[in-house]
Amino acid sequence: PDADLGIPMLLIFCVILIAVVFEYINGFHDTANSIATVVATRVLSPRQAVVLAAATNLVGALWGTAVAKTIAAGLVDTSIVSQEVLLCALLGGIVWNLVTWYVGLPSSSSHALIGGLVGASVAAARTWDVVIWSQPDSRHWYQSKGVLWKVIVPMFSSPFCGFLLGLLIMGLLYFLLQNWRPRTVGIVFGRTQLISAGAMGFMHGTNDAQKTMGIIALALVAGTSSGKFDDLPEWLSFLKTTLPENSKEFQIATWIKLLCAVVMAAGTAAGGWRIIQTLGHKMVRLQPVHGFAAETSSAMVIGVASALGIPVSTTHNISASIMGVGAAKRLNALNWTIVEKMAWAWILTIPISGGISWTLVRIMQATGMMPVPGAG
């Protein structure tokens, strides 16, 4: 039994390892989301901002698991998910994250992971039926499951809300501060931006870290349901994870939450200066009051989404909020060339990461590393 257990267990640990690598990359890839504005406004140095973001990400990652439950049981049919599928899903997300990080585009790690999961699952089953498109909840629409309600609708609505809130908050501040001296505005909002930047880092942790928690939990559910964990030694019994009939009762293990929180904080501490340059300098010129407005509006949108278990893109939200703040100043204050490039990155993230994962699964099937549905 130990020999038979070796390869499946090695594969499961590989999935967890790759998930941890994804979380680390997510940390430095999305560091800019929470600290670009506070660096651009010179309220904090890059090093100070990274420390703030890492600390708040760590706390936020331990706060709630609604988003993790959505990833683990609300997007694809868990019966088709195997360790091989999850490996390909993670690799698809990692490749796209690294490409966009290298060219300095603030794309969405969340959508890269979701695209990878959907693409790999479809390739493994060779049918789109494994995707949970929509499962309406008779009580509340926001508790509905599926890609439509948890991914597609928020993909467009959350950046729109971020843009609108940024526009409104900045417009209100312009009205309230019209008689203030510029020096006073700079001093006051230089201090308040520390709070808004901390809130942004916290909300980033509540949403982004949970996505990898969901992937790890999904890997353990797959291992348990397939019988691969039946002969586990006692000291590894904590890996056994079952999915209850009501996915809302599904609990993410404490060790998974701690692992993802610490790894994301470590990745955040590594920094992501290419994307910081795009968000904080190239798109629009920012002052502390603008940074405060952008971070506050984005943190509000992400906070609501996290509470509802919706895995939104932190990148999309802070970028849209910065655009809204810039638009409140004047429309030509935005660098529309950069905005256009970012929009293309947003649109292409899910299909490209999904395509990469789909290709990886098909390669594994062609080489006999994965079974082909209906074959033999």
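Reader: At what angle do α3 and α8 pack, and how far apart are their axes?

Author: Axes are lines fitted to C-alpha atoms, for helices over the stretch in contact, and angles run from 0 to 180 degrees between N-to-C directions. Helices are DSSP runs (H or I, at least four residues), numbered from the N terminus. Here α3 and α8 pack at about 50 degrees, with axes 7 Å apart. Angles under 35 degrees count as roughly parallel, over 145 as roughly antiparallel, 65 to 115 as roughly perpendicular and the rest as oblique. α3 is therefore oblique to α8. The model is predicted: local features need pLDDT of at least 70, side-chain atom pairs count only at pLDDT 80 or more, and totals for chains, interfaces and linings use all residues. Residues are numbered from 1 along each chain as its sequence is written, and side-chain values use heavy atoms, without hydrogens and water.

Reader: Is the crossing of α3 and α8 left-handed or right-handed?

Author: A crossing is left-handed if the near helix is turned anticlockwise from the far one by less than a right angle, and right-handed if clockwise. The crossing of α3 and α8 is right-handed.

Reader: How do the axes of α8 and α11 cross?

Author: The axes of α8 (residues 182-225) and α11 (residues 288-307) come within 8 Å and cross at roughly 25 degrees. α8 is therefore roughly parallel to α11. Their crossing is left-handed.

Reader: Which helix holds Leu-258?

Author: Leu-258 lies in helix α9.

Technical notes
Helix = DSSP H or I, 4+ residues; strand = E, 2+ residues; numbered from the N terminus.
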